[in-house]
Amino acid sequence: MHHWIAQPEAAAALVARHASTRLIGLDTEFMRIDSFYPRLALVQVNLDGEIALLDPLALSGVGALAPLLADPANTCVMHSASEDLEALAEAVPAGLGRLFDTQIAAAMTGFGAGLSYQKLVAAIVGVDLPKAETRSDWLRRPLSAEQLDYAAQDVVHLAMLHAELDARLDRLGRREWHAEDCQRLLHKARSRDGDTQPQRGFKSAAEWPPERQALLRRVLLWREATARRVDKPRPWLLDDMHIMDFVTKPPHDADELFQRAKGLRALRGAQRDELLAVLQEPLTPEEMDFAPIFPMPAPAQKRTIAAMKDEVVAIAAGLEIPDGLLCARRHIEAFVFDRQWPEALEGWRKALLFETLSGKL
């Protein structure tokens, strides 16, 4: 049984009824079709077994629930929380106080990587959940009874999942691991920063001269900042194909840029003027101080990367966790090329990997 909350007074009454609650089952539904930021469409909570569906369109957020979610004394139990945290960022500006991600906990306790909520509920609770509304239009009003029932199910079982997974983490001595990874998610959601070295994702540009790589980085940083400002998807503003084209052969003037940029739905006149300046202005000494794109590894580097990967797989197998959870290949490559320990492998991962992987360099 669940109830719909669309008035501030009802949200405040819900919070008042559960002022002493310390465990909150939490999920969201959001839409991200024509915008950079996800549009929060529904917030589902389970407070001591009371299931409430809050309408953020009517409440302009989550109303009185925000302080409850932001209180570090409370634990918000979510499944695969990263996108939900982004969707909640405006409604809960302080961020969640404490997070327990059941997907991460499942991976750390023997259930495998990337397990869906439906599969985890089936494995632990023994209940088969419907999937029919996964691609619904959650911004429409009124929502159908089927949509509301589906949304409610997403928080019904979170308390039971938390109890089982937290006990398993405790038995395995991995509560600190899990808390650390959840804190990383919260930090990322609070900071809302983009990648400062986005050019490293463009491996086809690895052989470009430094000036062109620096220009690629400048354009990518401009796209990120502008897409956020105008709230449009990155490819609508400037897709990767156009970026590579413009950086390789910058347009000479506004007319040429206009002709070559046809089809980009969010690249309006003002943005085209900005982009032309971004492409034509001389690079500064500060912009030339950037992280170069990893080249294709030389034979010796390939052997080192393979040896490190084998060690990661072996350690993960001994721990009965997915090797991708322990260390992604891209972090191994970064360590080999940069000879600096990746920030993503700090904490519990460093304690397990640093000595072994360092020995392979």
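The model is predicted.

Begin by selecting L40, which belongs to strand β3, spanning residues 39-47. L40 counts as buried because its relative accessibility is 11%, below the 20% limit for that class. To view the surroundings of L40, display the residues it touches beyond four places in sequence, among them T28, F30, P56, L57, A87, L88, A91 and L139. E29 is also one of these contacts.

Turn now to the aromatic rings. The structure contains six aromatic pairs. Select F36 and Y37, which pair edge-to-face, with 4.9 Å from centre to centre and 75° between the planes. F36 is buried, because its relative accessibility is 5%, whereas Y37, at 33%, counts as partly exposed.

Proceed to F335 and W341, another edge-to-face pair, with centres 5.0 Å apart and planes at 80°. Both of these residues are buried.

Keep F354 displayed and select K350, which lies over the face of the F354 ring, 5.1 Å from the ring centre. For the last stop, select R265 and W236: the charged end of R265 sits over the ring of W236, at 3.7 Å from its centre.

Methods:
Residues are numbered from 1 along each chain as its sequence is written. This is a predicted model: local features need pLDDT of at least 70, side-chain atom pairs count only at pLDDT 80 or more; totals for chains, interfaces and linings use all residues. Side-chain values use heavy atoms; hydrogens and water are left out. Helices (H or I, at least four residues) and strands (E, at least two) are DSSP runs, numbered from the N terminus. Buried means under 20% relative accessible area, exposed over 50%, partly exposed in between (1.4 Å probe, protein chains only). Contact means heavy atoms within 4.5 Å. Rings of Phe, Tyr and Trp (its six-membered ring) pair if their centres lie within 6.5 Å; planes under 30 degrees apart count as stacked, over 60 as edge-to-face and the rest as tilted. A charge sits over a ring if NZ of Lys or CZ of Arg is within 6 Å of the ring centre and within 35 degrees of the ring normal.
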